[in-house]
Amino acid sequence: MTDLTCTNLSMTFTNPQTGAAVEALKDINFTLKQGELLSVLGPSGCGKTTLLNMIAGFVNPTAGTISLGDTAIEGPGVERGMVFQQGALFEWLPVAKNVDFGLRMKKQDEKEAVALVEKWLDIVGLQGFGDTPTYQLSGGMQQRVALARCLVNDPDVILMDEPLGALDALTREKMQSLVLELWKETGKTIMIITHSVEEALLLGERLFVMAPRPGRIHKEYRLPFAEQGLKQSLRDIKQDSKFSEIREEILTMIWNMEEEIMGGV
Amino acid sequence: MFEWLSEERAFIAAFLVIALIISFGVSLTIGLKQSILRANDEVFGDPDRTKGGWYWSVCGASALLLIWFYFSWEVGRAYFPKAANEICQVAKIEESISPINAAMPIGSRYYKSTDLIIRNTAQLDSLEAALPVDLFSAQEASQLLSVINQTRQIIAAFSNPDSQDPQSQKAIANLAAEFDFLSEDVLAGYDGYEPTPEALLQPKWGITEVEIPLLPLTPRGVLFDNISLKAKSLADTFLKLRSKSAEADRLIAKTKAEIKTLKEANSQAQGSETYVKKREAYVKAVERIFKRVDDGTIFPPEALAPLYISVQNFTASVDDVKGGLGFIDSVFLPGNGIIKSRTQCTEQGPGRWLPKPTDVVATFTRLANPDVASGGGYKGTTLLWWKWLEISDVVDFFVPDSVIDMLPGSYGTHSADGTFEPTFKDNLLRLAKGKISLGAIPMLDGHIWDSLFRVLVAMGAGILFGVPLGIYMGVSRFFKSFFDPLIELYRPVPPLAWAPLILTIFGIQDDGKIFLLFMVAFAIMVISARTGASGTQLSKIRASHSLGATNQQILRYVILPNALPEILTGIRIAIGVCWGTLVAAEMLAGTTGVGFIENVARTVSDYELIWVTILIMGILGLLFDIMMRWVIQKTIPWRGKG
Ligand SMILES: Nc1ncnc2c1ncn2[C@@H]1O[C@H](COP(=O)(O)OP(=O)(O)OP(=O)(O)O)[C@@H](O)[C@H]1O
Ligand SMILES: [Mg+2]
């Protein structure tokens, strides 16, 4: 089993000029079982991105360990795919070359690669766009390319940092369904950071609400909506009374945290 | 064909000027109409307001060309092809009577005599005030003062009309009468005058180096030419004329004797060397002023008055006969007119340093003619042509002989019977020395190619070394910190400041210039590649790490393409700077290249050639830039869209 485990994870940034230390994260402990979908919510600056970057291996924690299955994480790796807020696509390459980037880097057989790219472009709904330059795509299409690029590498864990943040409401809803479908079909472990409470509720099988100063997991939920979303329209789920109840609860929670921050300033 | 075009350039210009005026008028009309029509299409400040408007481009270009045609005197030459020749004849008259004019308040404020008196009196006053009493005995001092005083009296004697010798009065009156006759000759007109066959054979204005034909080509010109000869002899008479006065003669003799005694006393003076020298210097200064006034060049103003009037009348009658020529001179030949000096008539003002458009084209065609043997090209080299290039020469240039030394094997030695059988290595050495014929390839040649070649080689080397270093400096702490001081120290030095040093080290051949340009290109390429590399978005780097790329792969597939826009912009800038530096470097030293042509043209004041080289450089620079813009557009369509 390739569970993702974080133990006593802490991260302190020290400003090299002033020497002031920021406790971006403190004592984070959790285990994400294989195939779980986790969404992370929290006020700005509570350390969500930092947490994700540490799992991806871009930054090293000041204390604690992260491991995927039996191996400790010590740097970036193909088994942890990443989707950024703004595609981070290679604008000098057309769509297909973006998608097969990972395959080319590990020198996969060209024929297999072409077939894989076809398959994933199909799944994310971009069949026929292989030769289009990425800068000619809309924001939603670009995010789908980013998803395909990540998935083609067949990672165990997919890490997403506000992947839908820059999209308009309708595109966003479509993309949310796509994420749910992909989750169901591939059975991947997914960790998704979002600013939207609704999105977190809809997508998160599990949900962490984080709190700042020091960054920590404030409250954890287990939610049924992601499962429901696979069968039901997302719009219907949003009408659900339980959904709105939890939404209000979390909104109040985050509102209070923000109040605290503002009051502190 | 070219011959004919060259011969008929005045006619061609006349046609072009009319075409330009029409295109100016038409485009201006279209432009004004369009402006009224579209006045409310966009609000002020909307960038769309600058779009389109070819008619204004036509209008501007026509106006610019017309200004060029006008100020270079080409309009004048086109429509009044003989005017300059006639004005040249007038200039001859002016040259002839210039000694007389110089003595009169003509073209200046005072009589020359007045000027002389003012200057010499002032100097006498200051000499008197500065009389060094300690150097001279009391008796000598009073003698010096008397010399000074008598010099003043000589001036007074020459200035006094009453003490004038009637002889000299009469000579002046005669001269005045001669000028009156000359005026009548002028006013009698030029009927019956004909240009000489020799004059008609002269090359036309602008066809050869001599700008304006010297011999008169029109009856009026012949008249002026004749008059100028007569005026010249009158002026010679005037120059021999002296003011005479018995009173002055007496004073001059007396003063001369006194100066002589003073000089004799000096030659016997005892004392230190400086003492004697100072005495001599003072006496000499006094004598110098005396000599200036003792030669009878000071006349009473009344004495010169009749001549003054006659010369003025003469000039007026010349102006009369000139008629419309004066108008053409002032309107169509802007500047300071035409001056006759020694053996030629030269244009003064813009007509001199601003070559006529058709002359520029003619000079350019002459330069561009690849047939060096029949006067094409410049200094034995074509402007831009091709030649057969021996491959062995290229090998010789690129393969250093020492490379062969490092190869295994040994060079041969001569054998016992006194012969030499080359080994394989000997043959390799001959190859490296360019001694083995390998055939030839066609290659560009000429001044322009030489300049281009230098820039291209330097750019190539600059890119080859600069881009990798720049990229590594963009990603590595070691590379950045290690090379930063070096590059930041040499980069701000203006390239031409290096030139004397580098040309000394490498010599004036291509190597020095190429190295100089390489330094320029290298710094720019390093900086731009570095900016491009370090500007790669962190998220792209992270994404490629997560996609399993190795460091080398990230460099090659992410950082390099990311830096490409910066690199290409760097190349564009570097080419521009190299081009500017090259031309200046070629002016410092060398025997080929566009800058070389301009440098030679400068030393012989060949303004047409200077302008031709300026135009060539401008056009080539523009072509470089257009090419780079095209390359940038084609190769990085994604620029600024990441
Ligand atoms: N490289 C860094 N150096 C110093 N401090 C940092 C660094 N990166 C993050 N921080 C600090 O760590 C804290 C958490 O930052 P992080 O980016 O993880 O927040 P976040 O939850 O992702 O916020 P947002 O919702 O706005 O994206 C912030 O206070 C931030 O100032
Ligand atoms: Mg963040």
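1. Start with the surface of chain B. Strand 3 of chain B (residues 385-390) gives the nonpolar patch its largest share, three residues. The model is predicted, so local features here need pLDDT of at least 70. The patch covers about 560 Å². Its members are B:Leu384, B:Trp385, B:Trp386, B:Trp388 and B:Leu444. B:Trp385 sits in strand 3 of chain B.

2. Next, a helix pair in chain B. Helix 23 (residues 510-534) and helix 25 (residues 551-588) of chain B have axes that come within 8 Å. They cross at roughly 155°. Angles over 145 degrees count as roughly antiparallel, and helix 23 and helix 25 of chain B are therefore roughly antiparallel to each other. The crossing of these two helices of chain B is right-handed. By class, the contact between helix 23 and helix 25 of chain B holds 18 nonpolar residues, six polar and three charged.

3. Helix 7 (residues 138-159) packs against helix 12 (residues 273-293) of chain B at an angle of about 15°. Their axes are 9 Å apart. That angle makes helix 7 of chain B roughly parallel to helix 12 of chain B, the cut-off being under 35 degrees. The crossing of helix 7 and helix 12 of chain B is left-handed.

4. Now the charged pairs. Side chains of opposite charge can pair when their charged atoms come close. Over all chains, the count comes to 40 salt bridges. One salt bridge joins B:Lys92 to B:Asp225. The closest N and O atoms of that pair are 3.1 Å apart. The pair links distant parts of the chain, its residues being 133 residues apart. B:Lys92 is in helix 5 of chain B (residues 83-103), and B:Asp225 is in helix 10 of chain B (residues 219-240).

5. Two backbone points in chain A deserve a look. Where is the cis peptide bond? It runs from A:Arg213 to A:Pro214, with omega near -10°. A:Pro214 lies in a loop of chain A, between strand 9 (206-211) and strand 10 (216-222).

6. The other backbone point is A:Asn8. Its phi is positive, about 45°, although A:Asn8 is not a glycine. A:Asn8 is found in strand 1 of chain A (residues 4-14).

Definitions and conventions
Residues are numbered from 1 along each chain as its sequence is written. Chains are lettered from A and ligands numbered from 1 in the order in which they are written. This is a predicted model: local features need pLDDT of at least 70, side-chain atom pairs count only at pLDDT 80 or more; totals for chains, interfaces and linings use all residues. Side-chain values use heavy atoms; hydrogens and water are left out. Axes are lines fitted to C-alpha atoms, for helices over the stretch in contact, and angles run from 0 to 180 degrees between N-to-C directions. Helices (H or I, at least four residues) and strands (E, at least two) are DSSP runs, numbered from the N terminus. Angles under 35 degrees count as roughly parallel, over 145 as roughly antiparallel, 65 to 115 as roughly perpendicular and the rest as oblique. A crossing is left-handed if the near helix is turned anticlockwise from the far one by less than a right angle, and right-handed if clockwise. Ala, Val, Leu, Ile, Met, Phe, Trp, Tyr, Cys and Pro count as nonpolar, Asp, Glu, Lys and Arg as charged, and the others, Gly among them, as polar. Patches are made of residues with over 30% relative accessible area and no salt bridge: like charges are joined within 9 Å, nonpolar side chains (Val, Leu, Ile, Met, Phe, Trp, Tyr) within 5 Å. Accessible areas come from the Shrake-Rupley method with a 1.4 Å probe; for residues, only the protein chains shown count as cover. A salt bridge is a side-chain nitrogen of Lys or Arg within 4 Å of a carboxyl oxygen of Asp or Glu.
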